[in-house]
Amino acid sequence: MTEHLEKNKKRNIKIGIVGTGYVGLTTGVCFSELGYNVICYDKDKEKIERLRQGITTIYEPELDKLLKKNLNKNLFFADSPEEIYPHVDVIFICVGTPESPDGSPDMSYVESCSIDISQYLDDYKLIVEKSTVPVRTAEWIEHTIRLYKPDAEFDIASNPEFLREGSAIYDFFHPDRIVIGVSSKRAKDILLSIYNDEDFPCPKLITDVKTAEVIKHASNSFLALKISYINMIADFCEKVGIDVDVVAEGMGFDKRIGRSFLKAGIGWGGSCFPKDVKAFIKMAEENQLQFTLLKEAYNINENRIEIFIQKIRKTLWVVKGKNIAIWGLSFKPDTDDVRESPALKIIPHLIRDGAKLRLYDPKAMENAKRVIPPSDSVIYVESIEETAKGAHAIAITTDWNEFKNVDLKKIKKLMITPIIIDGRNIFNPQEARELGFLYVPIGKP
Ligand code: UGA
């Protein structure tokens, strides 16, 4: 009984989420699934209207199901500040921090929601940064709120998210760790009550706010660095005729290194790594440090596109007039997100070379069409088999499971010449070659 009461008390914290991008929407939906009353707010009225109808605005496995399950029970959507701020105790800031022309993040959305919040601080509220933000953002939020409401009572905490697109719901409920950056006991207690051991039995690190802000940047940049490292190893493996996946496996057994994020290919994309790496380089510069290590990781990543294009040119000899099937448009599998997708960076080069492209992606075609509209050189088709019809080659640009499970024998029959240039190493080279393909992987013979 006491446990039940405790739980009810805990669930009584009313949660507000500002920004319904993939971080905000996932976080809001998942907190509602845990039983909290959640209000998600976005300035984009059209988006909110769709969400109110139970239609998800991004593709994320399980999200649709959980949204529909909790909608209008304990999950609500707001399109104006007065519909959210007076009614919540804890506000998670999940608004975008897009890249400015100089590489630093544009903090205007964070500033504008801080000003909005200041208008509703009649009693204590906890404001939590969840978006990836530069160090000292909390200080700026506090400064901004005080400018508008000097005597407001509030705390600011940093609780960075480590959700991966494509597995964001799973990651929310099974985090490796939870980082809580706070400057008061009150804020710490509230966040530890939300992230209690029963719901989240994982390590929790309590730090000051600045440290939590930096942990997020340091983590993302390290992962990007790790991928760039294995991509350089892949180039080296190619030169000496050995298999990068076997090298990665051998490295990965060492617990200090670990096997994950050692998948070589055409590089990292998405809304996080490219932006966050640049932001961290910029933050270092602002603090009189040259983060050349990260700059190099970034350059290695940029170069992956050119390396892949060269592979295609070398394999096809003449690209002009060739029909090329493009498998995958999203920046990684299980998402419809095409932001900074390596696939979309490769396509314009092939168009310039005079190729005719047939594009397919299980989820990202609508988003891709907005960036690369259909044209004389580009046709979007509805299935993987369709891409292969009359193709001189297949270029694999995203490692969707659907592609791994395809019947290659059937695909070969549809093609003019059986060539696969695999930017994600999804097939076993020997097996593909035994089927009669000219198979060109990354970082292996
Ligand atoms: C990344 C982080 O992994 C999350 O922890 C973090 O919360 C998130 O950014 C964020 O800051 O919001 P995400 O961008 O969704 O998540 O995707 P990742 O799974 O990290 O993949 C990023 C890119 O690296 C993809 O293009 C992927 O194809 C590529 N990648 C990943 C590789 O090329 N090789 C690998 O071994 C792993």
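# Exposure, contacts and a ligand shell

Trainee: Why does Gly-96 count as partly exposed?

Mentor: Gly-96 has 38% relative accessibility. Buried means under 20% relative accessible area, exposed over 50%, and partly exposed in between (1.4 Å probe, protein chains only). The value of 38% falls in between, so Gly-96 counts as partly exposed. This is a predicted model, in which local features need pLDDT of at least 70, side-chain atom pairs count only at pLDDT 80 or more, and totals for chains, interfaces and linings use all residues. Residues are numbered from 1 along each chain as its sequence is written, and side-chain values use heavy atoms, with hydrogens and water left out.

Trainee: Where is Gly-96 placed, and which residues does Gly-96 touch?

Mentor: Gly-96 belongs to the loop between β4 and α5 (108–118); helices (H or I, at least four residues) and strands (E, at least two) are DSSP runs, numbered from the N terminus. Leaving aside residues up to four places away in sequence, Gly-96 touches Asp-106 and Tyr-109, where contact means heavy atoms within 4.5 Å.

Trainee: What makes Ser-114 buried?

Mentor: Ser-114, a residue of helix α5, has a relative accessible area of 1%, and therefore counts as buried. Ser-114 touches Ile-141, Thr-144 and Ile-145, not counting residues up to four places away in sequence.

Trainee: What does the side chain of Ser-114 reach?

Mentor: It reaches the backbone oxygen of Val-110 at 2.7 Å. A polar contact is a pair of N or O atoms within 3.5 Å; within protein, one must be able to donate a hydrogen and the other to accept it, and residues adjacent in sequence count only if both atoms are side-chain atoms. The distance of 2.7 Å is within that limit.

Trainee: Is Gln-288 buried or exposed?

Mentor: Its relative accessible area is 68%, so Gln-288 is exposed. Gln-288 is found in the loop between α11 and α12 (292–316), and its phi is near 55 degrees, a positive value in a residue other than glycine.

Trainee: Why do the buried residues of α8 line one face of the helix?

Mentor: In α8 (residues 185–194), the buried residues are Ala-187, Ile-190, Leu-191 and Ile-194. Seen down the axis of α8, they fall within an arc of 90 degrees, so they line one face; the arc is that of the directions from the helix axis to the C-beta atoms. An α-helix has 3.6 residues a turn, so residues three or four places apart point the same way. The cover of these buried residues includes β1 (14–18), α2 (22–33) and β4 (90–93).

Trainee: What caps the N-terminal end of α8?

Mentor: Ser-184 does, with a side-chain oxygen 3.4 Å from the backbone nitrogen of Arg-186.

Trainee: How many residues surround the ligand?

Mentor: There are 21, and the closest are Glu-161, Leu-163, Glu-165, Lys-216 and Asn-220; a residue is near a molecule or strand if one of its heavy atoms lies within 4 Å of it. Helix α9 (209–240) and helix α11 (273–286) each supply at least two residues of this shell, and α9 gives the most, with three residues.
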